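This briefing covers a helix pair and a sheet. Look over the sequence and the model before reading on.

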Amino acid sequence: MTHYAIIPIIALLLYLLMFLSLIMIKKNETIYAFMEVLLAMIAWTMGSFFMRLNVFPFVNFWFYFSLVGILLFLPTLYNFIIKYLRIEKRINQQFWTLLMLGIWAINCFVPIFIEAPQLVDQGYVYDFSWTIVFLFFILLCVLIDMIYTIHKAQKKDLTIYKQLIPIFLGANILILGHLCLLCPSFKGFPIDVLSGIPMAICLFYALYKNQLFEMNLLISRVNCYYVAMIIVILIYYRIFPYIDIVMKEKYLLKPYQIAMILIFVVVLSMVVVCIILEYLLNLVFGKKEVIQSQCIQELGEFLSQLKRHQEIFEKLEDCLKKGLQVENVYLFYIQDDLYKIQNNDSDFTFQMDQILLASLYQEKSCLLVKALQKSLNYQKIEPLLRQKIEEKNIECLALLQNGDKILGLIALPHKLSKERYTKIDLNFLKSVSSVTSIAIENAILYEDAYQEARKDYLTGVANRRYLYEVLQKCQYEKRFEYGSFIMVSIDDFKLYNQLYGTAEGNLALVQIAHAIRSCLVDEEMVARYTGKVFAVILPGKGGHYAYQVAKQFSKKILLLNEQTGQNAMKALTVSCGIASGSCTKDGFEEVMQQADEALYYAKQAGKNQIKVYKKGQTPSHLTDVKGAASSYVSTIYALMAAIDAKDHYTFSHSENVAYYAQELAKAYGMDEEAVKIIYEAGLLHDIGKIGIDESIINKPGKLTDQEYETIKGHVELAVGIIRHLPSLDYVIPAVIGHHERYDGKGYPRRLKGEGIPLMARILCIADSFDAMVSKRSYKQEMDVQTALKIIDEEAGYQFDPQLAHIFIELVKNQQIEVR
């Protein structure tokens with residue numbers, strides 16, 4: 001073996017160690033590019049080593065093998081930097097690679113740039129000509145282009161470029177070592193190969209200190225064998241010749257005996273060194289990994305049992321404190337677009353900055369604050385957020401996300417040991433975040449489902465099931481010895497729905513629920529008890545307090561009418577019944593029953609009332625529905641008599657309309673109850689004309705615009721009269737809509753098509769037909785055929801086309817008697 005062969009051996013083994021370590025980790029484009037750099041270095045050092053050993057086939061072969069590694073080192077390093085900095089593919093890099101391969105190919109056939117070295121005094125000496133300057137010039141151009149690329153990356157605010165400084169320093173040492181070959185002082189000394197050792201050290205430093213790649217596999221058992229082999233070879237390289245001489249001369253051992261002893265000694269030494277090395281490395285690195293692995297395992301076991309995200313955050317905090325040895329852990333969850341702290345440090349809240357979020361995405365959801373602070377982007381982050389990060393000494397940030405959905409944020413201050421966060425720590429943090437994010441997402445889904453099962457789907461307040469669940473729990477735990485109930489019922493809500501439609505009715509429910517909830521505090525709760533009834537529980541509060549709360553939200557509900565502008569037809573009001581008592585003694589069912597009775601008294605008192613239950617009150621029995629309805633028949637005819645006294649035509653007209661509408665409803669297929677309702681609606685549809693001046697009603701000529709507007713007001717006047725007869729409010733939708741047109745040009749609400757109540761569409765035809773065939777002060781009667789022709793022509797415009805055709809057929813077939 002020639003002199004200085006130990007130098008390329010050391011360099012070669014270092015490069016092989018790193019290359020084999022990278023083979024065992026998960027690879028991406030950046031790692032593959034870095035492995036190309038290592039392959040170039042391996043080719044260079046291996047060629048130099050075998051050349052000095054004069055290994056088959058010949059020296060020149062290993063020289064050119066080494067030369068291709070030297071020439072491709074800078075282009076492969078350039079390619080690695082481009083991949084690492086995430087720069088778009090550059091043509092320059094491909095050009096330099098092809099140029100270097102071209103130079104190498106030319107030099108193989110015509111060695112015009114550099115010739116193979118000559119063996120002089122057991123050392124290889126290079127004889128350079130002036131053409132070597134050209135080769136160094138090209139290498140210098142590659143280096144300058146690489147420096148320019150890094151400089152441009154810095155301007156684009158890419159923070160990770162500084163991690164390449166050790167590699168860049170090593171490359172400069174390598175180039176300087178090759179330049180030293182031109183110096184006569186280093187003639188015969190492999191200074192070029194020696195400069196590769198600092199390069200290998202710089203590469204290792206960049207890998208570990210700057211956390212370019214995962215380093216945990218660099219301390220695996222296999223790599224310990226490689227390192228032990230290098231150490232033993234270095235130890236025995238120089239002393240083997242002396243051991244051989246001693247054994248031959250002093251102990252007179254034969255060559256095969258010496259070989260067996262040396263093999264045994266080398267193997268034993270390698271085992272001892274490997275054990276010591278593995279122990280030391282595990283002492284430094286392995287203990288941390290074991291702890292972190294245990295933390296992840298324990299966390300996974302706990303998360304499979306937890307369903308509340310609050311509990312998950314607590315376990316996550318314990319895991320991070322134990323695995324990373326930090327005193328505090330700041331865990332944030334998103335609420336109202338703000339990241340609010342989960343633990344007790346409630347002053348640490350902020351709104352996520354887009355620049356910070358982009359940086360987290362760029363670093364794959366895990367970011368070192370020091371790396372961010374080195375970039376210009378850091379100064380663009382919101383000052384308040386930067387201030388809080390610096391005040392809390394935050395060194396690491398990580399997103400809690402499941403896919404593209406962000407669930408929260410982890411902020412970690414400095415460690416108790418003041419050590420930096422390593423790549424192993426970041427990998428641990430990513431693993432913990434990934435496992436926890438899935439659990440948090442599942443917990444949120446569970447909690448949402450849990451809440452939805454206890455929440456009214458429309459109003460968002462508690463439902464009846466959850467109300468009873470809370471009350472039973474309070475009674476079982478004997479909480480709130482005294483409390484109050486308020487039963488809240490919307491007055492004439494069925495009528496409201498008939499007037500404005502289901503959509504408006506639903507909106508009213510939501511608004512009323514919100515108005516009630518806005519007046520409650522602490523543990524007070526409102527629940528939707530039935531369709532139009534809400535139950536309010538006031539734990540620990542007396543009747544006077546409950547009365548004030550009911551008064552407060554009743555006023556808010558009245559204000560809703562001003563917002564909608566719908567007072568003319570039906571105002572939103574509520575009736576309230578209040579009862580107070582001991583739920584643990586009397587039972588909440590009894591107190592609720594008392595509140596319900598108080599609500600009944602409020603309804604009986606004329607609605608829009610607040611009544612407090614008093615002991616000794618006994619509610620009167622309700623009459624049955626049929627009896628109530630029949631009692632209003634006399635009321636209907638009393639109203640008819642009143643209008644007859646003012647205008648006989650209106651009286652007979654109302655009877656005719658009721659008859660026509662009744663027959664049309666029967667033919668359309670409506671049931672008996674609906675036919676009865678429409679008959680009563682026909683009798684009352686013009687009851688509002690009681691409030692119209694007789695001179696306008698009986699005017700012989702054409703009405704003025706003002707008089708016509710006055711006549712149109714009879715619809716609202718009719719509603720105003722009927723609404724005070726609760727058992728007759730069911731006729732109001734038909735009464736108020738009998739002047740609406742199918743094409744939407746009617747009054748008072750300009751309803752259109754199917755949006756007009758069916759009974760109102762029936763009344764419209766009956767009312768118009770009787771008006772046409774009757775004699776009035778301002779017109780003569782019209783013959784039946786002409787009236788039917790007009791109805792046919794107006795089908796789809798003024799009248800419902802289907803109802804119009806049915807009515808025409810009924811008259812033509814004499815199923816309807818024209819009066």
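What is the strand order of the open sheet of six strands? The order is S8-S10-S11-S9-S12-S13, with mixed pairing; two strands pair if DSSP finds at least two bridges between them. Strands (E, at least two residues) and helices (H or I, at least four) are DSSP runs numbered from the N terminus. The model is predicted, so local features need pLDDT of at least 70, side-chain atom pairs count only at pLDDT 80 or more, and totals for chains, interfaces and linings use all residues. Residues are numbered from 1 along each chain as its sequence is written, and side-chain values use heavy atoms, without hydrogens and water.

- Strands S8 (462-463) and S13 (610-612) are the edges, each pairing on one side only.
- S10 (residues 525-528) pairs with S11 (residues 533-539) in the antiparallel sense over four bridges, and the two form a hairpin with four residues between them.
- Methionine 525 stands opposite isoleucine 537, and alanine 527 opposite alanine 535.
- S8 and S10 pair in the parallel sense over two bridges.
- Met525 and Ala527 on one side of S10, and Val526 and Arg528 on the other, are all buried (under 20% relative accessible area, 1.4 Å probe, protein chains only).

**Helix pair**
- Helices H3 (residues 59-84) and H4 (residues 91-109) pack at about 175 degrees, with axes 9 Å apart; axes are lines fitted to C-alpha atoms over the stretch in contact, and angles run from 0 to 180 degrees between N-to-C directions.
- H3 is therefore roughly antiparallel to H4 (over 145 degrees).

How values were computed
Angles under 35 degrees count as roughly parallel, over 145 as roughly antiparallel, 65 to 115 as roughly perpendicular and the rest as oblique. Buried means under 20% relative accessible area, exposed over 50%, partly exposed in between (1.4 Å probe, protein chains only).
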